[in-house]
Amino acid sequence: MTLQGKTLFISGGSRGIGLAIAKRAAADGANVAIAAKTTEPHPKLPGTIYTAAAEIEAAAGRCLPLAVDIRDEQQVVEAARKTADHFGAIDILVNNASAINLTNTEATPIKRFDLMFGVNVRGTFLCTQACLPYLKESGRRGRNPHILTLAPPLNMQARGSRRTSPTRWPSTA
């Protein structure tokens, strides 16, 4: 299988593994749509959808940078439509965007929980739902559509630091 001429819709592709996947796909001849929130440089995090697009195009691919908060249904639906209109198809969805917080339940603020649930669950669902009609059309055209959903590792231990054990419930005995 080759990615030549395929179109990938990648959530959270402005940095990290999403950008690495996008650049590799571009080097293999794919078109890439980056659906991510970062449009302005962040003081602590590298990359925006525009710098990612430049890197992807430098890898010999075509890129459509889309400013999208994947928790917002209308933004996701519009981004999928723009991608299909721009490239003529969506062949592969890469659900890459994620939010994580390495704290135990007691130490996790509900605002952080809502962000993680919104991005990791709602956002993944919305991207899948919005891209599904285009992926089905890709299948009808014999283009072998796929959905790749990434998730944090099962071992949530922070690297380079010692993690404390979770708080134990008081004994009822």
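**Ground rules.** I took helices (H or I, at least four residues) and strands (E, at least two) as DSSP runs, numbered from the N terminus. This is a predicted model, where local features need pLDDT of at least 70 and side-chain atom pairs count only at pLDDT 80 or more, while totals for chains, interfaces and linings use all residues. Residues are numbered from 1 along each chain as its sequence is written, and side-chain values use heavy atoms, with hydrogens and water left out.

I began with I90, which sits in the loop between α3 and β4 (92-95). Is I90 buried or exposed? I90 counts as buried, at 0% relative accessibility (buried is under 20% relative accessible area, exposed over 50%, partly exposed in between, with a 1.4 Å probe and protein chains only). I then listed its contacts (heavy atoms within 4.5 Å). Leaving aside neighbours within four places in sequence, I90 touches T7, F9, A80, T83, A84, C131, Y134, L135 and S138. I90 and F9 are 81 residues apart along the chain, yet their C-alpha atoms are separated by 6.7 Å.

T83 is buried, with a relative accessible area of 0%. Its side chain reaches the backbone oxygen of A79 at 2.8 Å. For such a polar contact I needed a pair of N or O atoms within 3.5 Å; within protein, one must be able to donate a hydrogen and the other to accept it, and residues adjacent in sequence count only if both atoms are side-chain atoms. Beyond four places in sequence, the contacts of T83 include T7, F9, L64 and I90.

L64 and N31 lie 33 residues apart in sequence and 8.1 Å apart in space, C-alpha to C-alpha.

How do α3 and helix α4 (residues 110-140) pack? I read an angle of about 35°, with the axes 9 Å apart (axes are lines fitted to C-alpha atoms, for helices over the stretch in contact, and angles run from 0 to 180 degrees between N-to-C directions). On the α3 side I noted E73, V76, V77, A80, R81 and A84, which meet R122, L126, C127, A130, C131 and Y134 in α4.

I searched the whole structure and got one aromatic pair. F113 and F117 are stacked, 6.0 Å centre to centre with 25° between the planes. My rule was that rings of Phe, Tyr and Trp (its six-membered ring) pair if their centres lie within 6.5 Å; planes under 30 degrees apart count as stacked, over 60 as edge-to-face and the rest as tilted. The two are about one helical turn apart, because they are four residues apart in helix α4. F113 is partly exposed at 41% relative accessible area, and F117 is partly exposed at 45%.

Last, I stepped back: the protein chain has four helices and five strands, in the pattern β-α-β-α-β-α-β-α-β along the sequence. Of its 173 residues, 36% count as buried.
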